[in-house]
2 protein chains.
Amino acid sequence: RRRQPVREVLFFPSRPSCTEELLAEAAGTGAAARPCPCPLPRGDCSLSRLLRRLLSARRSLEICLFAFSSPQLGRAVQLLHRRGVRVRVVTDAQYMGLQGSQIGLLRHAGIQVRHDQENGYMHHKFAIVDRRMLITGSLNWTTQAIQTNRENVLVVEDAEYVKPFLDEFERIWEEYNPIHYRFF
Amino acid sequence: RRRQPVREVLFFPSRPSCTEELLAEAAGTGAAARPCPCPLPRGDCSLSRLLRRLLSARRSLEICLFAFSSPQLGRAVQLLHRRGVRVRVVTDAQYMGLQGSQIGLLRHAGIQVRHDQENGYMHHKFAIVDRRMLITGSLNWTTQAIQTNRENVLVVEDAEYVKPFLDEFERIWEEYNPIHYRFF
């Protein structure tokens, strides 16, 4: 019996809220034992929904992002990597070195990251969970975008959408293979 | 008998190509009589597919775009307006005044445009054709993005996606009503 494919739309800005419990629970470090003392409201918001979708990964996570600086989303990705999920990240060369970028931390944690060497921007903003759930939209994974911009994210399980994005990821992943980099 | 909902994914960069014939045909000005002398290749590409989807509008077109400077897409929108399609545009205040922006031309043509007065960006990049087809993704409607960036656009007719975007558009349209603008 096949369940209905997930079809969800998230809009931003997401109201500031505490995601500690969600992340601690996912890390299996016993959230209930150490309640977060911060004054932010708890409960559901677009950011927590996005985090939950990502944290549902069991086998693989492909990420293709122009800008990635959100600490919460960075922690979620590192957590999945530690849990044994195969994480691969593609990003834009111009953005990745900026202050606050999560890319250095992800690389430090042992996660594979590749970037462009092109004039144009690697402007995609999508992720694919377990090769079956596509998360895509206008949202870069930055605190600025999450908290203050008008943004959208679609969560999609229909193969007509997921498959072309998987193919696009593999195409870019191979093109950005460091063996092809040119150093001038 | 209901036809299958359109489900299409477009990737960019789109190779440079001539869209004169497509636009002249849509304008009803007799494309065949005046073939474009430019040396660009003809034929299908992501930009021409995007144009065709837009030009299929018969009644209404909602556009919600961070950046809009592509002359071809600007012509398509003006053409729809002249054809009697109800066009409404929402855009970002920081970007709309930049050189090359199509927003001034659209306003000059009599198309309704509203913009934010917020600190954050109005970062959406979507359009809705005839209240039933959603066009959304990472792509701003700029020549730079179309020709040199890695970008994606989804074309979606499933109501689960279209309806929330229609609601989001109406919400923003009302919020950006000039009667709410504050002048300091």
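1. Start with A:Ser46: this residue is buried, at a relative accessible area of 14% (buried means under 20%, with a 1.4 Å probe and protein chains only). A:Ser46 sits in helix α2, residues 46–55 of chain A (helices are DSSP runs of H or I, at least four residues, and strands are runs of E, at least two). Leaving aside residues up to four places away in sequence, A:Ser46 touches A:Leu10, A:Phe11, A:Phe12 and A:Ser14, where contact means heavy atoms within 4.5 Å.

2. Keep in mind that this is a predicted model, where local features need pLDDT of at least 70, side-chain atom pairs count only at pLDDT 80 or more, and totals for chains, interfaces and linings use all residues. Residues are numbered from 1 along each chain, chains are lettered from A in the order written, and side-chain values use heavy atoms, without hydrogens or water.

3. Now for how the chains meet. 36 residues of chain A are in contact with 36 of chain B. For chain A, 100% of the interface residues are also interface residues in chain B, so the copies meet through the same surface.

4. Which elements give two or more residues to chain A's side? They are β1 (7–12), β5 (125–129), β6 (133–137), α6 (143–148), β7 (151–156) and α7 (159–175). The largest share, 8 residues, comes from α7(A).

5. Look for charged pairs too: the rule finds 8 salt bridges across this interface (a side-chain nitrogen of Lys or Arg within 4 Å of a carboxyl oxygen of Asp or Glu). One of the salt bridges pairs B:Glu160 with A:Arg7, at 2.9 Å from N to O.

Notes. Buried < 20%, exposed > 50% of the residue type's maximum accessible area, 1.4 Å probe, protein only.
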